[in-house]
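Here is a short briefing to read alongside the model. Please keep the sequence and the 3D view open as you go.

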Amino acid sequence: MEAYAAAKARIFANQTELDAAILNADDAASAKYAPKKPQVFWFSRKKHVMQGACLQGDEIVVTHHGKQSR
């Protein structure tokens, strides 16, 4: 798993602010790999995310720039 995380971190390091990084909000270790440059989108099946996708009941809710869509 450490090798996977290191590879993911290398990908993020090469991204620009025009790119998007997608991380699992249900994995606490993911937060330390969240990049600074690209947009970060989170996904979760357990909790609400400020930017990204999560489950609310049996629906997938996507939040982008504060606006939600189902």
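T63 counts as buried, at 4% relative accessibility, where buried means under 20% relative accessible area, exposed over 50% and partly exposed in between, with a 1.4 Å probe and protein chains only. This is a predicted model, in which local features need pLDDT of at least 70, side-chain atom pairs count only at pLDDT 80 or more, and totals for chains, interfaces and linings use all residues. Residues are numbered from 1 along each chain as its sequence is written, and side-chain values use heavy atoms, with hydrogens and water left out.

**Around T63**
- T63 sits in strand β4; helices (H or I, at least four residues) and strands (E, at least two) are DSSP runs, numbered from the N terminus.
- Setting aside neighbours within four places in sequence, T63 is in contact with H48, V49, M50, Q51, G52 and Q68, contact meaning heavy atoms within 4.5 Å.

- Strand β3 (residues 52-56) and strand β4 (residues 59-64) run antiparallel and are joined by five bridges; two strands pair if DSSP finds at least two bridges between them.
- Within this pairing, C54 has V61 of β4 as its bridge partner.
- Two residues lie between the strands of the β3 and β4 hairpin, where G57 takes a positive phi near 70°.
- On to the next strand: β4 pairs with β5 (residues 67-69) over three bridges, again in the antiparallel sense.
- Here the bridge partner of V62 is S69 in β5.
- The hairpin of β4 and β5 also has two residues between its strands.
- Which residue in that turn has a positive phi of about 55°? That residue is H65, and the positive value occurs in a residue other than glycine.
- H65 lies in the loop between β4 and β5 and counts as exposed at 62% relative accessibility.

**The parallel pairings**
- β1 and β2 pair in the parallel sense over five bridges, with L23 opposite W42 in β2.
- β2 and β3 also run parallel, joined by three bridges, and S44 stands opposite C54 in β3.

**S30 in its loop**
- S30 is found in the loop between β1 (20-24) and β2 (39-44).
- Is S30 buried or exposed? S30 is buried, with a relative accessible area of 9%.
- Not counting residues up to four places away in sequence, S30 touches L23, N24 and W42.
- The C-alpha atoms of S30 and Q15 are 17 Å apart, for a separation of 15 residues along the chain.

**The chain as a whole**
- The chain has one helix and five strands, in the order α-β-β-β-β-β from the N terminus.
- Its C-alpha trace spans about 35 × 25 × 15 Å along the principal axes.
- Of its 70 residues, 26% count as buried.
- Among contacts with a separation of 6 or more, 7% come from residues 24 or more positions apart.
- The accessible surface of the chain, by the Shrake-Rupley method with a 1.4 Å probe, comes to about 5,200 Å², of which 58% belongs to carbon and sulfur atoms.
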